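Thanks, everyone, for making the time this morning.

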Amino acid sequence: RAAMAAERGLAMATCTAPVNIAVIKYWGKRDTDLILPINSSLSVTLHQDQLKTTTTAAASQDFTEDRLWLNGKEADVGHPRVQACLREVRRLARKRRGGGEDTAALSLSYKIHIASENDFPTAAGLASSAAGYACLVSALARLYGVEEELSEVARRGSGSACRSMFGGFVQWQRGERPDGTDSLALQVAPETHWPELRVLVLVVSGEKKPVGSTAGMQTSVETSPLLKHRAEVVVPERLAQMMRHIQDRDFEGFGQLAMRDSNQFHATCLDTFPPIFYLTDLSRHIIALAHRYNAHHGHTKVAYTFDAGPNAVIFALADTVAEFVEVLRRSFPPATNGDQFVRGLPVGSAALSPELVAAVVTEPVPGAVQYILHTKPGPGPQLVDDPSQHLLGADGLP
């Protein structure tokens, strides 16, 4: 139950939630209203020490209207997806109370103020909507004392958000029912399952993407025969394989399949009419670099995956990180921020053999990668107990 400042009638709850990166991609809805996918997907939840959304939700009898602030700026609280999440959490709260108004519980008629902050670029292909809606639902659920199956609620905000409701390795089950009650996220393995796994996010651009995912994926559903084949034939088999690779901690299998699935997702974008281009020349340069690096070593040491945007996510085991980061540093020499080029978890130094440099670092592109974020799999949403971390003050304002 959220702490009640009874004399003010103000209740507040703050949560953080993680970004997730799909290794078997979600692209395409069969129901745009309920956000039901045409295929199941599987993702890795990233650690919140490096990337997170923080959200504070407050309710008070003194508030005259619902309000929302994103990264310090007031935003439209009437957005249909925000409203869907609010409505669903309040519905669960009502159900939990058996319809009667529990006097100790927060009044469902109070207006609500929500403030949310990302510590990473919004809408640049870094799954900001997933972390954002997972965080919104977690904070609202805490505020209203709801503990039910929340991934289904988060899904109503953003499909991929349901996967951010868990840590580690997470499957979003497509489900069969038209009402979406079986379209949920399930944890495949916790973040502790594969301690050596590391993630490098190559931020090449903080720009907004050319075509938003919501519009893009529906154009694909309507026009791409390849997407239909992917959803019906390819993904079910790949999903089973990927879960096996994760259980076995088989990086060779995991990495190869992640790369193939990323490539196929971008092929369906190209098969969309008119075509959608999320990969840039630089993305393709990074893809080629990864293949040269793996070929030089004779097995899969790094694996790329790209979402609906140009930023690359590279999976590797911990013992590969230092060498590959040095390869990246030589391939994309940082413009000025040499010290700020690698952020997040510490990265050791590595000497590269002349053979490796000759085989792998072919044509450096200075300044092309803004920075590299080194992170690892992490847990699901967290409750913030420290009141000084609330994003709203005692007056309910940022």
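Predicted model: local features only at pLDDT ≥ 70, side-chain atom pairs only at ≥ 80, totals over all residues.

The chain is divided into domain 1, which takes in 10-191 + 385-389, and domain 2, which takes in 197-375, the bounds coming from an automatic or database domain assignment. Residues are numbered from 1 along each chain as its sequence is written, and side-chain values use heavy atoms, with hydrogens and water left out.

The centres of domain 1 and domain 2, taken over C-alpha atoms, are separated by 27 Å, and the contact between them, meaning heavy atoms within 4.5 Å, takes 30 residues from domain 1 and 49 residues from domain 2. The size of an interface is often given as the accessible area lost when the parts come together. Between domain 1 and domain 2 the buried area is about 3200 Å², with carbon and sulfur atoms giving 72% of that area; the value is the accessible area, for a 1.4 Å probe, that two parts lose on being put together, summed over both.

Let me turn to the strands. Helices (H or I, at least four residues) and strands (E, at least two) are DSSP runs, numbered from the N terminus, and two strands pair if DSSP finds at least two bridges between them. There is an open sheet of four strands in the order β3-β6-β11-β12, paired antiparallel, and its edge strands, β3 (20-24) and β12 (185-189), each pair on one side only. On average, neighbouring strands of this sheet are turned by 35° against each other, direction ignored; axes here are lines fitted to C-alpha atoms, for helices over the stretch in contact, and angles run from 0 to 180 degrees between N-to-C directions. Strand β11, residues 169-172, pairs with β12 over four bridges in the antiparallel sense, and phenylalanine 169 has alanine 189 of β12 as its bridge partner. Lying across β3 and β6 (41-45) is helix α6, residues 251-271, which runs at about 90° to β3.

Elsewhere, strand β8 (residues 67-70) runs parallel to strand β10 (residues 111-118), joined by four bridges, with arginine 67 opposite histidine 113 in β10. β8 also pairs in the antiparallel sense with strand β9, residues 73-75, over three bridges, where leucine 68 has alanine 75 as its bridge partner.

That brings me to the backbone. Which value does phi take at asparagine 71, which is not a glycine? Phi there is positive, at about 50°, and asparagine 71 sits in the loop between β8 and β9. Asparagine 71 is partly exposed at a relative accessible area of 38%, where buried means under 20%, exposed over 50%, and partly exposed in between, with a 1.4 Å probe and protein chains only. Arginine 249 likewise has a positive phi, near 50°, and lies in the loop between α5 (225-247) and α6; its relative accessible area is 43%, which is partly exposed. Most residues other than glycine have a negative phi, and most peptide bonds are trans. With that in mind, please look at phenylalanine 273 and proline 274, which are joined by a cis peptide bond with omega about -5°; proline 274 lies in the loop between α6 and α7 (281-297).
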